[in-house]
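Two packed helices are described by the angle between their axes and the distance between the axes.

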Amino acid sequence: MLAVFRRELRAYFASPIGFVFVGFFILIAAVFFSISNLLSGNPNFTGVLSSLTFVFLFLVPILTMRLLSEEMRQKTDQLLITSPLSITGIVVGKYLAAVGVFVITLVITVLFPLIMSFYALLGLGWWEILGGYIGFLLMGCAFISVGLFFSSLTDNQLIAAMYTFAALLLIWILDFVAQSVPSDVTSGLVFLSLLGIGLVAIVWASTRNVPAAAVTLLVAAAAVVLVFIFARGFYNGLIARILGWFSLVKRYGDFSLGQLSLSPIVYYISFSGVFVFMTIRMIEKRRWV
């Protein structure tokens, strides 16, 4: 894993991708910092990090699009799959390399609050800034895990970047969508049924195993029916609750206030772990094809 991590980290800065990501991120952060803090005299730096969440939607696809799709395009993925390294080690090494570039970028942006500290008469809220950075790092790691997964689905970097951007944009607007979705029982029932079908499709795509997909379908159908019979009220507002559960941006709010809650930390780590695991499964499936 460490060998893959070092190789991928060097590859980022041996090509324009790493420099484009770092340079563009720092440039946009500097613009937001100048407008939000220096020109207005506002000491709240966490507002800059909050503004950067939307810009990050465009930068993550650039950072992750080549991680696995490039290996497939050059047909070197078979060498990795048949190497003594485990699939888990390869995927985690590539993921940590992308996270490493992100961390390097964040460390550079620490210069902005340091500059501001020389001019802040009442001092800065360093705990809020620290909380904002921790939250932004965790959210960025979750975004990168999504990009890693979509990079494993195609050998075309552009398509991988488009898939990643579309998925991240959907995640980013979930809070707005949740406010306008229907909340009646029928809508919740239909939505949960569609989720069950989606789960079956994921099991089939990951395993190509008919019995496993059939068992998943039966369990999902039984769960939907039993809940409808014995706890029908569960479907009220279900769509909004599920969409809110998938929201990554919403959970960043506590961090921007300097509050380090265990729940969002566990959520971000779990979210990243799930997408890394799905990426591993996609690669392992390719080994036996």
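## Helices α2 and α3

Helix α2 (residues 16–38) packs against helix α3 (residues 46–64) at an angle of about 165°, and their axes are 10 Å apart. That makes α2 roughly antiparallel to α3 (an angle over 145 degrees). The crossing of α2 past α3 is right-handed, meaning the near helix is turned clockwise from the far one by less than a right angle.

In α2, the contact residues (heavy atoms within 4.5 Å) are Ile17, Phe21, Phe24, Phe25, Ile28, Ala29, Phe32, Phe33, Ser36 and Asn37; in α3 they meet Val48, Ser51, Leu52, Val55, Phe56, Leu59, Ile62 and Leu63. By class, this contact of α2 with α3 has 15 nonpolar, 3 polar and no charged residues.

## Helices α8 and α9

Helix α8 (residues 126–151) and helix α9 (residues 157–172) cross at roughly 140°, with axes that come within 9 Å.

From α8, Phe143, Val146, Gly147, Phe150 and Ser151 meet Ala160, Tyr163, Thr164, Ala167, Leu168 and Ile171 of α9. The contact of α8 with α9 comprises 8 nonpolar, 3 polar and no charged residues, with Gly counted as polar.

## Basis

Residues are numbered from 1 along each chain as its sequence is written, and side-chain values use heavy atoms, leaving out hydrogens and water. In this predicted model, local features need pLDDT of at least 70 and side-chain atom pairs count only at pLDDT 80 or more, while totals for chains, interfaces and linings use all residues.

Key. Axes are lines fitted to C-alpha atoms, for helices over the stretch in contact, and angles run from 0 to 180 degrees between N-to-C directions. Helices (H or I, at least four residues) and strands (E, at least two) are DSSP runs, numbered from the N terminus. Angles under 35 degrees count as roughly parallel, over 145 as roughly antiparallel, 65 to 115 as roughly perpendicular and the rest as oblique.
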